[in-house]
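Here is a short report on one protein, from its overall surface to its core.

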Amino acid sequence: MNALRNKVQLIGNLGQDPEVVTLDGGKKLAKFTIATNETYKNAQGEKVTDTQWHNIVAWGKTADIVESYLSKGNEVAIEGKLTHRAYETKEGEKRYITEIRCNELLMLAK
């Protein structure tokens, strides 16, 4: 059950082309966002689509795959864990971000 404590599974579409960076040690980092959609009917019976955006981070071999095969609009299934971090802007403001660290990636057919 410990493996289920921090596990996220999402299916969505890339909102933009991935940003891939090669760090000093040669390790690759890929960042991208995916949108997930949920459709429901409101009290008036109208169809409503709720879109949520998720920040995804992939490292190493997974980042290589992201760089080679993914682009804006692609549908993917990802599995990973939820992470939170803080950083400071150039102006000295503290910002917080929630990301999903991708452990597994499945490209879905289009």
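## Surface, fold and core

The accessible surface of the protein is about 7,900 Å², and carbon and sulfur atoms hold 46% of it. Areas come from the Shrake-Rupley method with a 1.4 Å probe, and for residues only the protein chains shown count as cover. This is a predicted model: local features need pLDDT of at least 70, side-chain atom pairs count only at pLDDT 80 or more, and totals for chains, interfaces and linings use all residues. Residues are numbered from 1 along each chain as its sequence is written, and side-chain values use heavy atoms, without hydrogens and water.

The protein has 1 helix and 6 strands. Their order is β-β-β-β-α-β-β. These are DSSP runs, numbered from the N terminus: helices are H or I with at least four residues, strands E with at least two.

Of 110 residues, 26% are buried (under 20% relative accessible area, 1.4 Å probe, protein chains only).

The largest nonpolar core has 15 residues, with Ile34, Ile56 and Ile78 making the most contacts inside it. Such a core is a set of buried Ala, Val, Leu, Ile, Met, Phe, Trp, Tyr and Cys residues joined through side-chain atoms within 4.5 Å.

Leaving out residues up to four places away in sequence, Ile56 touches Ala30, Lys31, Phe32, Ile34, Ile78, Ile100 and Cys102. Contact means heavy atoms within 4.5 Å.

Technical notes: Buried means under 20% relative accessible area, exposed over 50%, partly exposed in between (1.4 Å probe, protein chains only).
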